[in-house]
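Biologist: I am new to this structure and would like to know what stands behind the words used for it. Please take me through the terms one at a time.

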Amino acid sequence: MSVAATRRLTTAQALVRFLAAQYTERDGVRHRLIAGTWGIFGHGNVAGLGQALVEYREAMPYHQGRNEQAMVHAAVGHARQLDRLSAQAVTTSIGPGATNLVTGAALATINRLPVLLLPGDYFASHAADPLLQQLEHPVEADVSVNDALRPVSRYFDRINRPEALLASALKAMRVLTDPAETGAVTLALPQDVQAEAYDWPEEFFADRIWRVRRPAPDPAELADAVQLIRSAARPLIVAGGGVHHSEAEGALKTLVDATGIPVASTQAGKGALRHDHPADLGGIGHTGTAVSDELARTADLVIGVGTRYSDFTTASGTLFQHPDVRFLNLNITAFDAHKLAAGTLVCDARAGLTALAEALPGHRVDAAYETEYRAGKARWEETVEAVFRADDDGAVPTQTQVLGALDAVVGDEDVVINAAGSLPGDLHKLWRARSPRQYHLEYGYSCMGYEIPAALGVQQAAPGTPVWALVGDGTYLMNPTEIVTAVQENLPVKLVLVQNHGYASIGGLSESVGAERFGTDYRHRVVDGSFTGAPLPVDLAANAASLGMDVLRARTVRELREALVTARAATRPTCVYVETAPPSADLPAEAWWDVPVAAVSAREAATGARKAYERAVADRRHHL
């Protein structure tokens, strides 16, 4: 009787060897599934995974992080840039190192982006309870802080025996590579098990290919979808992030060129069509363009492609106002396809769009409808030009003029990253996306502090590509630490740091809902709790320089343009710091967003805001 070949390794060593042999393949193109591992070492992973990563350093690239949450953001940026076909792992110690993963895990799962989390855990044997940093639960001895990762992970397991890894590792890879199920995957690793030896079957370490499926549409669903489109007079496509994840931009353009159906985009879907395509209407919803939202209100068929319809997209259920509006959702997940009581086309975005184009020969929207939306697009382009333009090059720029200066500098290949604050609204309305990967907005979780670490992940995924992280002062103060990692790994990311002395976005929202901008300024505090006087004497440019970045200070529009050109050509991490003036022209929201206002108050600001809220909420519809 033959004996199967085995290899004696620790659990941590076996895991690293296994991860190094995993690949994805789609359309005949192969990618390494786990391209590298981010880590911060402490007790709980230093003796297990730390030793394994040293042992197999040639097989598994290692990247040193400074903040656990930021490491997840970097891995998410990497995965998004590579259309979810490649991911990265993140390892932490137990205790606060592990709990710092929760925000990043939630971001990854909400955005359907793969990341593998490998936090250390207590002793599976309980031989040394209680450990330093161990949570002791009085009635559930098997609970640790890592259980906080369960609700934000698409797959979770605690590896309490070495042999348990054999099955769990394969399940983890299946979820990471499933286009409908992907997100954060957590394998909690008790530190004694990490170091324990086991005789592993050699088959466990063989190269393994995970084919990323492109499921085709069901013929009956396709026939129903075609009938819906043929019967619509004012159809509108809402392009979401699924268009990009599926690399379906070409298929979308083919369908639009043939049918003339206009396209509005979510934050995740912007760039699905190039900005100068005649059918591209820009962003939709609360932060959308005037032309997109005007058409959305009168659309009789809304075709969602790869979108999960957040409240920003639907204007909290007030946007789609045609009395007979119907919905058709093309989505790889049935969960999202069925939203808004829609007709469904559950399939891969590229496969579904291609099938629709082939099933609609000769079909085209009415010429008057095309003329209408093209005229609206032209009017909106005039708005963009007006707010981008600076009549005085010696003036302090507004935030929209900062974007205008950047718009004039970037090339088609550049990537612009943002996530939170007032910038997402301006970018969604105004940015002219030149390519599918240029516009990188994390707005599923809108996580302050995402931008800088995500830029590192994108830069790793696309060496030689100019990568820009756009942040305000509030976001910068949340998470600047990965600047040090950018310097250490010589990743020439470009940081545009906009100083506007406070939380501009939430300050505006606070004022609109009767909270009077309370607690949103970065200014000296006075006795009654309000903020007044000069801004705080904080020099963020000096901080960025102290972390190793080259810093260019721009005081005027002219200096800003020159600094951006210099930064784009830089081969080191470079920061362009600019203090902005108040906006010279208002860009009001083109659609509502539901933020409940106090029903009773003794303050006039709140009572006035409540009256406006009641008028707006009356327009909400339940699409059944």
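Biologist: Which residues of H1 are buried?

Modeller: The model is a predicted one. In H1 the buried residues are Thr-11, Ala-12, Gln-13, Ala-14, Leu-15, Val-16, Phe-18 and Leu-19.

Biologist: Why is H1 called largely enclosed by the rest of the structure?

Modeller: Because 8 of the 9 residues of H1 are buried. Buried means under 20% relative accessible area. Phe-18, for example, has a relative accessible area of 0%, so Phe-18 is buried.

Biologist: What makes Phe-18 and Phe-204 a stacked pair?

Modeller: Ring centres must lie within 6.5 Å, and planes under 30 degrees apart count as stacked. The rings of Phe-18 and Phe-204 are 4.5 Å apart, centre to centre, with 15 degrees between the planes, so both conditions hold. The pair links distant parts of the chain: Phe-18 is in helix H1, while Phe-204 is in the loop between strand S10 and strand S11, 186 residues apart. Phe-204 is buried, at 4% relative accessibility.

Biologist: Why is the pair of Phe-320 and Phe-327 called edge-to-face?

Modeller: Planes over 60 degrees apart count as edge-to-face. The planes of Phe-320 and Phe-327 stand at 80 degrees and the ring centres are 5.4 Å apart, so the pair is edge-to-face. Both Phe-320 and Phe-327 are buried.

Biologist: How many aromatic pairs are found in the whole structure, and which residues do ring pairs link into a cluster?

Modeller: A search of the whole structure finds 11 aromatic pairs. Ring pairs link Phe-18, Tyr-198, Trp-200, Phe-204 and Phe-205 into a cluster.

Biologist: Which residues have the most contacts inside the largest nonpolar core?

Modeller: They are Ile-237, Leu-252, Leu-356, Trp-468, Leu-470 and Leu-564, in a core of 82 residues. Helix H15 gives the largest share of this core, 6 residues. A second, separate core has 47 residues, including Tyr-450, Ala-454, Ala-455 and Ala-541.

Biologist: What does Trp-468 touch?

Modeller: Leaving out residues up to four places away in sequence, Trp-468 touches several residues, among them Leu-406, Val-409, Ile-417, Val-496, Leu-564 and Arg-568.

Biologist: How do you know that Pro-453 is buried?

Modeller: Pro-453 has a relative accessible area of 0%, and the limit is under 20%, so Pro-453 is buried. Pro-453 is found in helix H18. Residues up to four places away in sequence aside, Pro-453 touches Ala-70, His-73, Ala-74, Asn-479 and Glu-482.

Biologist: What makes the contact of Glu-385 and Arg-432 a salt bridge?

Modeller: A side-chain nitrogen of Lys or Arg has to be within 4 Å of a carboxyl oxygen of Asp or Glu. For Glu-385 and Arg-432 the N to O distance is 2.8 Å, so the pair qualifies. Glu-385 lies in helix H15 and Arg-432 in the loop between helix H17 and strand S19, so the pair ties together parts that are 47 residues apart in sequence.

Biologist: Which residues do salt bridges that share partners join into one network?

Modeller: The network consists of Glu-381, Glu-385, Asp-407, Arg-432 and Arg-434.

Biologist: Why is Asp-550 called partly exposed?

Modeller: Its relative accessible area is 37%, which falls between the limits for buried and exposed, so Asp-550 is partly exposed. Arg-572 is partly exposed too, with a relative accessible area of 31%. Asp-550 forms a salt bridge with Arg-572, the closest N and O atoms being 2.8 Å apart.

Biologist: What makes Phe-41 partly exposed?

Modeller: Phe-41 has 33% relative accessibility, so Phe-41 counts as partly exposed. Together with Val-46 and Tyr-62, Phe-41 forms a nonpolar patch on the surface, with about 240 Å² of accessible area. Phe-41 is placed in the loop between strand S4 and helix H2.

Biologist: Which peptide bond is cis, with omega near -15 degrees?

Modeller: The bond from Asp-129 to Pro-130. Pro-130 lies in the loop between strand S7 and strand S8.

Technical notes
Residues numbered from 1 in each chain as written. Predicted model: local features only at pLDDT ≥ 70, side-chain atom pairs only at ≥ 80, totals over all residues. Heavy atoms only, no water. Patch = residues over 30% accessible without salt bridge, like charges linked within 9 Å, V, L, I, M, F, W, Y side chains within 5 Å. Areas by Shrake-Rupley, 256 points an atom, 1.4 Å probe, with all protein chains shown as cover. Helix = DSSP H or I, 4+ residues; strand = E, 2+ residues; numbered from the N terminus. Buried < 20%, exposed > 50% of the residue type's maximum accessible area, 1.4 Å probe, protein only. Core = buried A, V, L, I, M, F, W, Y, C linked by side-chain atoms within 4.5 Å. Contact = heavy atoms within 4.5 Å. Phe/Tyr/Trp six-rings, centres within 6.5 Å; stacked < 30°, edge-to-face > 60°.
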